[in-house]
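Subject: Handover of a structure and the findings from it

Dear colleague,

Please find below the structure that I am passing on to you. A summary of the findings follows it.

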Amino acid sequence: MIYNIVSEKLGYKKPCARWVPKMLTDEHKQKRLAAAHQFLQLHQIEGDQCFDHIVTGDEMWISYTNIESKRQSMHWRHLSSLKAKKFKQASSVRKIMATVFWDRKGILLIDFLESGLTINADAYCETVRKLRRAIQNKRSGMLSSGIVLLHDNARPHTAARIAQLLQQFHWEVFDHPPNSPDLAPSNYHLFMHLNKWLAYQSFEDDDRLKTGITTWFKLLAADFFDTGIRKLVPRYQKCVEVGGDYVKK
């Protein structure tokens with residue numbers, strides 16, 4: 001009776017809190033809005049041709065053994081069936097970092113970091129040099145037509161050495177706002193689908209892991225990558241609509 005009054009007559013609900021990466025300050029929201037307006041203005045001027053210049057990428061830790069999420073373990077069962085048990089597992093300590101760069105046509109570079117090393121300015125400079133060679137080999141004419149690099153503002157990405165190298169390459173860097181994985185194509189699209197596949201995978205060593213990841217990327221349809229890049233427009237539009245707050249999935 002009380003529940004009906006509160007929910008139906010008064011219109012109250014009891015939803016769960018929505019998890020977000022970070023608490024956005026007013027300054028963060030203003031930077032997100034500025035980036036959104038900048039991109040949408042670019043798209044309004046150039047149309048879909050602006051997608052031809054975008055190269056995006058990010059790093060991701062990939063474990064040898066991956067844990068299926070609670071949602072992924074859901075399955076249909078009869079009310080009289082016994083409820084399946086799922087035992088807790090410790091996260092795999094064996095993992096390798098992969099840096100993946102891609103554009104609307106597909107994967108440009110997969111760079112696996114050697115065990116024991118960490119991403120720093122020197123390592124990222126070498127990866128960017130590999131990326132340039134990959135673009136030169138895989139995308140005829142793209143270097144001369146202009147590159148717009150979309151990566152986040154992690155410390156190795158914004159180091160002075162990186163800025164100098166990108167300036168030397170004459171690449172434009174799109175201003176990605178801090179604490180904004182929801183506006184990064186690798187996070188909201190590529191890695192999201194990769195994580196779903198990884199939940200059912202287990203690797204014995206580095207070579208099998210690298211082969212598995214590389215093969216998975218090769219099997220993706222060409223329009224998969226185009227879709228991920230094109231999603232930037234509705235995501236930035238939604239960012240403007242919500243005043244710079246996080247965009248829901």
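Predicted model: local features only at pLDDT ≥ 70, side-chain atom pairs only at ≥ 80, totals over all residues.

With which residue does Arg 104 form a salt bridge? The partner is Asp 226, and the closest N and O atoms of the two are 2.9 Å apart. A salt bridge here is a side-chain nitrogen of Lys or Arg within 4 Å of a carboxyl oxygen of Asp or Glu. Arg 104 lies in the loop between strand 2 (95–103) and strand 3 (106–112), while Asp 226 belongs to helix 8 (residues 222–230), so the pair ties together parts that are 122 residues apart in sequence. Helices (H or I, at least four residues) and strands (E, at least two) are DSSP runs, numbered from the N terminus.

Residues are numbered from 1 along each chain as its sequence is written, and side-chain values use heavy atoms, with hydrogens and water left out.

Salt bridges

Arg 104 is buried at 15% relative accessibility, and Asp 226 is buried at 18%. The term buried means under 20% relative accessible area, exposed means over 50%, and partly exposed lies in between (1.4 Å probe, protein chains only).

The count for the structure comes to 14 salt bridges. Another of them joins Lys 130 to Asp 111, with 3.0 Å between the closest N and O atoms. This pair links distant parts of the chain, as Lys 130 is in helix 3 (residues 121–138) and Asp 111 is in strand 3, 19 residues apart. Lys 130 is partly exposed, with a relative accessible area of 29%, whereas Asp 111 is buried at 13%.

Lys 238 and Glu 241 also meet in a salt bridge, at 4.0 Å from N to O. Both residues lie in helix 9 (residues 232–241), 3 residues apart, which is about one turn of the helix. Lys 238 is partly exposed at 36% relative accessibility, and Glu 241 is exposed at 60%.

The surroundings of His 53

His 53 is found in the loop between helix 2 (26–46) and strand 1 (54–63). Although 51 residues separate His 53 from Arg 104 in sequence, their C-alpha atoms are 9.0 Å apart in space. Setting aside residues up to four places away in sequence, His 53 touches Glu 46, Met 142, Ser 145, Gly 146, Ile 147 and Val 148. Contact means heavy atoms within 4.5 Å.

Nonpolar cores

A nonpolar core is a set of buried Ala, Val, Leu, Ile, Met, Phe, Trp, Tyr and Cys residues joined through side-chain atoms within 4.5 Å. The largest has 39 residues, and those with the most contacts inside it are Leu 190, Phe 217 and Tyr 236. Helix 6 (residues 185–198) gives the most to this core, with 5 residues. Beyond its neighbours within four places in sequence, Tyr 236 is in contact with residues including Ala 35, Phe 39 and Leu 183. A second, separate core of 19 residues includes Val 55, Ala 134, Ile 147 and Trp 171.

Cysteines

A search of the whole structure finds 0 disulfides, a disulfide being a pair of cysteine sulfur atoms within 2.5 Å. Cys 50 is buried at 3% relative accessible area, and Cys 125 is buried at 1%.

Yours sincerely
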